[in-house]
Amino acid sequence: MDKHSNKDYLLNLLKNKFLNGLSFSTISELTGYSISYVKKLYKSIEEKDIDSLLKHGNIGNKSNSANELEIQYIVEFKKQYPEISISQFQDIYHERIVWNKEKQNDVIKY
């Protein structure tokens, strides 16, 4: 059983917990999730609908670590090397920018 369908199964068991007379430990054994996670999810069901619990909370949100200035700097630097692979570009970027003491001020710190 894949993780998503297993979570569907878990949520269904939790939704009908009292009807089925199942304990948290039994639900944990049936689904493979820890008892603490099962309890946490059960508490969340009271606050949210099941569909929202199946989705990751950060879907559609911008990464906290994404720095637009740094991304733009790297994109512009890559334009100088249009024919090389990403792996080759990474080596060049580290050699010429990251590890180059003269260029350290050019690199945008994040």
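I began with Y33, which at 8% relative accessibility counts as buried (under 20% relative accessible area; exposed is over 50%, partly exposed in between, with a 1.4 Å probe and protein chains only). Y37 is partly exposed, at 25%.

A note on what I'm reading: this is a predicted model, where local features need pLDDT of at least 70 and side-chain atom pairs count only at pLDDT 80 or more, while totals for chains, interfaces and linings use all residues. Residues are numbered from 1 along each chain as its sequence is written, and side-chain values use heavy atoms, with hydrogens and water left out.

Next I searched the whole structure for aromatic pairs and got 6 (rings of Phe, Tyr and Trp, the last by its six-membered ring, with centres within 6.5 Å; planes under 30 degrees apart are stacked, over 60 edge-to-face, the rest tilted). Y33 and Y37 are stacked, because their ring centres sit 5.1 Å apart with planes at 25°.

Then I checked F77 and F89, a tilted pair with 5.7 Å between centres and 50° between planes. F77 lies in helix α6 and F89 in helix α7, so this pair ties together parts 12 residues apart in sequence (helices are DSSP runs of H or I, at least four residues, numbered from the N terminus). F77 is buried at 9%, and F89 is buried at 8%. I also found F77, Y81, F89 and Y93 linked by ring pairs into a cluster.

Last, I looked up which α6 residues meet α7: Y73, I74, F77 and K78 (contact means heavy atoms within 4.5 Å).

Terms used:
Helix = DSSP H or I, 4+ residues; strand = E, 2+ residues; numbered from the N terminus.
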